[in-house]
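Here is a short briefing on one protein chain. Keep the model open beside the text and find each residue as it comes up.

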Amino acid sequence: MPRPAPARRLPGLLLLLWPLLLLPLPAAPDPVARPGFRRLGTRGPGGSPGRRPTPAAPDGAPSSGASEPGRARGAGVCKSRPLDLVFIIDSSRSVRPLEFTKVKTFVSRIIDTLDIGPADTRVAVVNYASTVKIEFQLQAYTDKQSLKQAVGRITPLSTGTMSGLAIQTAMDEAFTVEAGARGPSSNIPKVAIIVTDGRPQDQVNEVAARARASGIELYAVGVDRADMESLKMMASEPLEEHVFYVETYGVIEKLSSRFQETFCALDKCALNTHGCEHVCVNDRSGSYHCECYEGYTLNEDGKTCSAQDICALGTHGCQHICVNDGTGSYHCECYEGYTLNADKKTCSAQDKCALGTHGCQHICVNDGTGSYHCECYEGYTLNADKKTCSVRDKCALGSHGCQHICVSDGATSYHCDCYPGYTLNEDKKTCSVIEEARRLVSTEDACGCEATLAFQDKVSSYLQRLNTKLDDILEKLKVNEYGQIHR
């Protein structure tokens, strides 16, 4: 193919060489560069990319229309933005094996500058000559290492330069949701970089226009014998930001720094001018939004945060009581009679009777739900205060001392009675048998001394036996009373 005249290649050559020479002397800006602007590559209507102003140069520093590669990234305020990126590489016979290796190095270096992953940049490669081959799709590799290894395995095809067919194949088969491209709602830019060293042998104007109209941003990189007019037909507007030319494949990998800056999105959070009170979150579009720490809500200004009343939200998990601490946090407490468990959420009932703080005069009964009630010993009644006890029936206490029968005269008094055939003695406690005394009087001469002595002996004998029985009864009563008191 005939080589284009040097005059036709000169603007593209200047575009490439000026940012690469790193000469200290100031020179006239590249005629196709835009002073004061940095290429960001965001999509605009009709395939036209948007721009964002670059930071102003320090006073006294020389300015240049060509941006400084890596300057923003070096300052820590530039990060790779997510893309669906397809490389379309010419591997016709005119591209020698060593030159094709240089193309793969160029592709790998661009990959090195990107954040690769399912939620970040996805990469596909379309290889073409007279035929077209999709080497791998956008969804094939999700990490840099495997992606670069796949690039290294690509081999040249054959003769021919069917650039139009390659663009059409990329549009129809690579930039599809089935192949791993993300849909319009994701706002992920679709970008294609076509690398060629010849003149297309088919029509590229119309197919490139359809690709651009579908939302694909086209970059054209020409090497050596590449036709500049064909590159312009394929590339998106503005051409000075989408058309690149190098004299040989030996320097093509140096263009990777240009694409690194092209695919850079300004990290506004890193600039520390966001004004977020708590957390700044970068968005994919190069913008940002503010978020708040847990327990806080974002105010209407979209910047500041206010502490939430987590207790009011009902998500605290406290079994009994949620106490708002007023700083976006809270703690749990329990109802009276319960203790907080180790999980600081749930509560267990206390045994208040075991604690000894119940105040019951006689008996504390644990209800098992963190509460209790008081009861009284037999013969007592619970007073209105539900704590103390009063005697209900002194006879029932068993401490009355009656030999036979205790008769209650009310809550606080009593008197003793005897069984039938017995009479109450002068102590008002013990009883004597009436019938035995009568029999003794009737059978003995009460006036005789012997009869009187015999009667006294018998009475004494009966009284002794009765006293013995009384002692036994009293002892049993004492044991019974002691058991009731210590129940």
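A polar contact is a pair of N or O atoms within 3.5 Å; within protein, one atom must be able to donate a hydrogen and the other to accept it, and residues adjacent in sequence count only if both atoms are side-chain atoms. The side chain of Ser256 reaches the backbone oxygen of Glu253 at 2.8 Å.

This is a predicted model: local features need pLDDT of at least 70, side-chain atom pairs count only at pLDDT 80 or more, and totals for chains, interfaces and linings use all residues. Residues are numbered from 1 along each chain as its sequence is written, and side-chain values use heavy atoms, with hydrogens and water left out.

**The whole chain**

- The chain holds 14 helices and 26 strands. Helices (H or I, at least four residues) and strands (E, at least two) are DSSP runs, numbered from the N terminus.
- Of its 487 residues, 40% count as buried. Buried means under 20% relative accessible area, exposed means over 50%, and partly exposed is in between (1.4 Å probe, protein chains only).
- Take the contacts with a separation of 6 or more: residues 24 or more positions apart account for 55% of them. Contact means heavy atoms within 4.5 Å.

- Ser256 is found in helix α8 (residues 256-262). Its relative accessibility is 9%, so Ser256 counts as buried.
- Leaving aside neighbours within four places in sequence, Ser256 is in contact with Phe106, Arg109 and Ile110.
- Ser108 sits in helix α3 (residues 97-112). Ser108 is buried because its relative accessible area is 15%.
- With neighbours within four places in sequence left aside, Ser108 is in contact with Lys148 and Val151.
- Ser108 and Lys144 are 36 residues apart along the chain, and 8.9 Å separates their C-alpha atoms.

**Aromatic rings**

- Rings of Phe, Tyr and Trp (its six-membered ring) pair if their centres lie within 6.5 Å; planes under 30 degrees apart count as stacked, over 60 as edge-to-face and the rest as tilted. This rule gives 6 aromatic pairs.
- Phe106 and Phe259 have ring centres 6.0 Å apart and planes at 65°, so the pair is edge-to-face. Phe106 lies in helix α3 and Phe259 in helix α8, so the pair ties together parts that are 153 residues apart in sequence.
- Phe106 is buried, with a relative accessible area of 0%. Phe259 counts as buried too, at 0% relative accessibility.
- Tyr219 and Phe259 have ring centres 5.5 Å apart and planes at 75°, so this pair is also edge-to-face. Tyr219 is in strand β8 (residues 216-223) and Phe259 in helix α8, 40 residues apart.
- Ring pairs link Phe106, Tyr219, Phe244, Phe259 and Phe263 into a cluster.

**Helices α5 and α6**

- Helix α5 (residues 163-174) is mostly covered, with 9 of its 12 residues buried. Among them are Ser163, Ile167 and Met171.
- In helix α6 (residues 205-213), Val207, Ala208, Ala211 and Arg212 are buried. Seen down the axis of α6, its buried residues fall within an arc of 140°, so they line one face of the helix. The arc is that of the directions from the helix axis to the C-beta atoms.
- The face of α6 turned away from its buried side carries the exposed residues Glu206 and Ala213.
- Just after α6, Gly215 takes a positive phi of about 105°.
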